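Hello,

Here is the structure I promised to pass on to you. Please open it alongside this message, and my notes follow below.

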Amino acid sequence: MADVELRELTLFMVLAEELHFGRTAERLGLTTSRASQTLRALERKLGGRRLFDRTSRVVTLTAAGQALHDELAPIVTDLDNALARARGRAAGPGLIRIGVLNAASGSLVLNEAVKLFEQSYAGADVRLVATPLTDRLGPLRRREVDLSVTRLPLDQPDIVIGPLLSRGDPRVVMVAVDHPLASRSQVSVEDFADYPVRRPADPPELAEASCPTHTPSGRPIVSADIHINDSSELLLLIAQGRLIHPTVAPFAEHFRHPGIAIIPIIPIIPIQDLPPSSTALAWLRGYDDPARDAFLATIEHVVKSHPHLEQDARQKV
């Protein structure tokens, strides 16, 4: 059998989409007669079976043509994606947008990766985008960012969890300097039942891990009935003593405030209490992004220089 050429398969796929020789020829920069000749050549090479039924008015796929189209479609899609990735590598990755709630989350690994990435690729630019306090996954789902830094656990069907940026971040609670807990050297989750807390609204698994709805002994922990727009408003409410804010040490240190005390959370019952926290990169499932993948490869390279993260990542996967 004579070798089938890529241009012949390309014409076949375009014609199967258009079902019109004139439009197909125009898309491919051919004359209509040349498009017909190319199709006949392909049919001869495939054993002489007609791939299309043609009349003066209508073009339709034959059963053989439909079968060929169904088999070729995923191959053509894979080929298109591979060529797009190749073009992206040749042109450079361009802009990568990373959503962060605060600059301290996984900053050591993230900063190393950003520096290495921008040095390795001509024209590469990594931009950190502030994630809204009340809509931490919204920018990722709306494709306003390519990657997002998130605390774990996170179990959302449309979100992929990638490499770790930090692990073992200590838990703390932020309270007003004149709050009853401020004089304590440490607290436990049991203490939260006595005061209104700020708990993330979503996702539920992360909210529960940040501050459970009940203490280990079963006492309810009440969320403060206050709408909070951003971190500045959160700090003001904490400093006023209107709520306490269980969080992690990097967040508290990044947003240190003269009117706020930071108290370590020490578990009384380790299995039921708040464990140390980890941070990871996440992205939206279901679409290709060569630039994002190039940055993730850089992150993986940096993680190898931090063995405790690499080991934990293997366990997570």
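Predicted model: local features only at pLDDT ≥ 70, side-chain atom pairs only at ≥ 80, totals over all residues.

Now for the overall picture. The protein has 317 residues, and 46% of them are buried. Its secondary structure comes to eleven helices and ten strands. If you take the contacts between residues at least 6 apart in sequence, 73% of them join residues at least 24 apart. The accessible surface comes to about 16500 Å², and carbon and sulfur atoms account for 53% of that area.

The axes of helix H2 (residues 21-28) and helix H3 (residues 32-45) come within 8 Å of each other and cross at roughly 95°. An angle between 65 and 115 degrees counts as roughly perpendicular, and H2 and H3 are therefore roughly perpendicular to each other. On the H2 side, the contact is made by Phe-21, Gly-22 and Ala-25; H3 brings Thr-32, Ala-35, Ser-36 and Leu-39 to it.

Helix H1 (residues 6-18) packs against H3 as well, at an angle of about 110° and with the axes 9 Å apart. That makes H1 roughly perpendicular to H3. Here Arg-7, Glu-8, Leu-9, Leu-11, Phe-12 and Leu-15 of H1 meet Arg-34, Ala-35, Thr-38, Leu-39, Ala-41, Leu-42 and Lys-45 of H3. If you colour Ala-35 and Leu-39, you will see them take part in the contact with H2 and also in the one with H1.

Which residues make the nonpolar surface patch of about 270 Å²? They are Leu-6, Leu-79 and Leu-83. Of these, Leu-79 is placed in helix H4, residues 63-91. Leu-79 has 38% relative accessibility and so counts as partly exposed.

Happy viewing, and do write back with any questions.

Best wishes

Note on methods
Residues numbered from 1 in each chain as written. Heavy atoms only, no water. Patch = residues over 30% accessible without salt bridge, like charges linked within 9 Å, V, L, I, M, F, W, Y side chains within 5 Å. Areas by Shrake-Rupley, 256 points an atom, 1.4 Å probe, with all protein chains shown as cover. Salt bridge = Lys/Arg side-chain N within 4 Å of Asp/Glu carboxyl O. Helix = DSSP H or I, 4+ residues; strand = E, 2+ residues; numbered from the N terminus. Buried < 20%, exposed > 50% of the residue type's maximum accessible area, 1.4 Å probe, protein only. Axes fitted to C-alpha atoms, helices over the stretch in contact; angles between N-to-C directions. Parallel < 35°, antiparallel > 145°, perpendicular 65-115°, else oblique. Contact = heavy atoms within 4.5 Å.
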